[in-house]
Amino acid sequence: MEKRKKFMLQEADIPTQWYNITADMKNKPQPMLNPQTKEPLKAEDLYPLFAEELSRQEVNQTDAWIDIPEEVREKYKIYRPTPLVRATGLEKALDTPAHIYFKNESVSPVGSHKLNSALPQAYYNKMDGTTNITTETGAGQWGTALAFAAKTFGLELAVYMVKISYEQKPYRRSLMQTWGAQVIASPSMSTKAGRKIITDHPNYQGSLGTAISEAIELAMQTPNCKYTLGSVLNHVALHQTIIGLEAEKQMEMAGEYPDVVIGCFGGGSNFSGITFPFLRHNMLGKKNTRFVAAEPASCPKLTRGRFQYDFGDETGYTPLIPMFTLGHKFAPANIHAGGLRYHGAGSIVSQLLKDGLLEATAIKQLETFEAGVLFAQTEGIVPAPESTHAIAAAIREANQAKEEGKSKVILFNLSGHGLIDMSAYDQYLAGDLTNHEVTDEEISSILAQN
Ligand SMILES: *Cc1c(COP(=O)(O)O)cnc(C)c1O
């Protein structure tokens, strides 16, 4: 019998609620702390920075299910439900007994999973009467998603874009501008945080941590302006669970259940999104699925970082977050997976990793591009450089199944496509890409500055 390739849901199947895993966790994530008083933060403490409902979602550890507003669900229909695909071409090329599935989040109009959280964040800000929002963006995907979401709900948006990406990925900048956002290369001279870092390091290529500092500073100084974040925070992970909730239904259509679920890892939002709904069944004692976070070897917070309270940004404007971190002063190498160049992991994933409920693996840049090219050639989709980390991890799992002569069901999240990252592929194909690794000395010296 011909294997089925695609598992499609109907609009009516789009979930009506997001899944809040903290309600089901035995060991809850530790609270965020006020850096001055070291007091745990309550929702009200976050109101100056974030929309009120987002602040409440951030600290909610009791409600397992949170309603998706109908206005947001309507907008999700532009691109959701997204397909679940059996990667038969990739399976064949690997000659593996494993069954490989991927959830295709690259079909969103912005080309990545980021829109899943951008839409509700813009919506809740609009409901609060906010007129302007700010944010940072690394490779440009979050800024792009938020630009479309802000336009959709009638908000003005200013985006601080990490300088290296601003230069390497001009088309993401054009996309943001097309959707009406204002884009500023970070570090910039428009904020105190930016001016300080330019003065200290004139050639600094920027990082997410610095861009976050700039965006927060602008939000704090502008009336009716709030800040938004595209990863790391609990409410972002919450919104992204729509990925796994759909995938759960689609795996059922395929008549299989994953033995291993994989996501690439920047701050953890797409990984949380694909894994939490499945992890729930592990926590309820019903399943024994493995969960693998695939991070870059050049930014190995999960595999080599330390679990401690740290700032989410370079300057130290954010609350203290309990996280696996390389230190907020860590400046990652200029790898092409810009969305993974972040020093820390969200507090929920960090707690789950600490408790042994998740695994993490670090992958070097060349292995990820090799995986990305094989995926493009066998499945037709050119993956985002970030997503190639998940593909590389899936290939490792499939090769292991082959060695052991065992079948295995692998599910990974294809977080985005790479059509706007072709300069990275150009470099890879020309043989100009290199591996970057950090030494133990570098890591401990940065952590010592905390
Ligand atoms: C931003 C991004 C990531 C990394 O962010 P997470 O919050 O860890 O998901 C991964 N893939 C793509 C395509 C992205 O845009």
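Let me start with the salt bridge between the side chains of Lys-329 and Glu-314, with N and O 3.8 Å apart. A salt bridge here is a side-chain nitrogen of Lys or Arg within 4 Å of a carboxyl oxygen of Asp or Glu. The pair links distant parts of the chain, 15 residues apart: Lys-329 sits in the loop between β13 (320-325) and α14 (347-354), and Glu-314 in the loop between β12 (306-311) and β13. Lys-329 is partly exposed at 34% relative accessible area, while Glu-314 is buried at 10%. The cut-offs for those words are under 20% relative accessible area for buried, over 50% for exposed, and partly exposed in between, with a 1.4 Å probe and protein chains only.

Before I go on, what you see is a predicted model, in which local features need pLDDT of at least 70, side-chain atom pairs count only at pLDDT 80 or more, and totals for chains, interfaces and linings use all residues. Residues are numbered from 1 along each chain as its sequence is written, and side-chain values use heavy atoms, with hydrogens and water left out. When I name helices (H or I, at least four residues) and strands (E, at least two), these are DSSP runs numbered from the N terminus.

Back to the salt bridges. How many salt bridges does the count come to by this rule? The count is 21. Salt bridges that share partners also join Arg-80, Lys-103, Glu-105 and Glu-246 into one network.

Next, Arg-290. Its salt bridge with Glu-359 has the closest N and O atoms 2.8 Å apart. Arg-290 lies in strand β11 (residues 290-296) and Glu-359 in strand β14 (residues 359-363), so this pair ties together parts 69 residues apart in sequence. Arg-290 also forms a salt bridge with Glu-397, where the closest N and O atoms are 2.9 Å apart. Glu-397 belongs to helix α16 (residues 387-404) and Arg-290 to strand β11, so here the parts tied together are 107 residues apart in sequence. As for accessibility, Arg-290 is partly exposed at 29%, Glu-359 is partly exposed at 32%, and Glu-397 is buried at 8%.

Now the helices. Two packed helices are described by the angle between their axes and the distance between the axes. Helix α5 (residues 115-127) and helix α11 (residues 234-254) pack at about 125°, their axes 8 Å apart. The axes are lines fitted to C-alpha atoms, for helices over the stretch in contact, and angles run from 0 to 180 degrees between N-to-C directions. α5 and α11 are therefore oblique to each other. Angles under 35 degrees count as roughly parallel, over 145 as roughly antiparallel, 65 to 115 as roughly perpendicular, and the rest as oblique.

Which residues make the contact? From α5 they are Asn-116, Ser-117, Pro-120, Gln-121 and Tyr-124, and from α11 they are His-235, Val-236, His-239, Gln-240, Ile-242 and Ile-243. Contact means heavy atoms within 4.5 Å. By class, the contact of α5 with α11 has five nonpolar, six polar and no charged residues. Nonpolar covers Ala, Val, Leu, Ile, Met, Phe, Trp, Tyr, Cys and Pro; charged covers Asp, Glu, Lys and Arg; the others, Gly among them, are polar.

Is Gln-141 buried or exposed? At 7% relative accessibility, Gln-141 counts as buried. Leaving aside neighbours within four places in sequence, Gln-141 is in contact with Ser-112, Lys-114, Arg-172, Ala-384 and Glu-386.

Last, the backbone. Most residues other than glycine have a negative phi, and most peptide bonds are trans. The bond joining Arg-80 and Pro-81 is cis, with omega about -5°, and Pro-81 is in the loop between α3 (70-76) and β4 (84-86). A cis bond also runs from Ser-186 to Pro-187, with omega near 10°; Pro-187 is in the loop between β8 (182-186) and α9 (192-200).

On phi, Asp-95 has a positive value near 50°. Asp-95 is in the loop between α4 (88-94) and β5 (99-104), and counts as exposed at 53% relative accessibility. Val-232 has a positive phi near 65°. Val-232 is in the loop between β9 (225-227) and α11, and is buried, with a relative accessible area of 10%.
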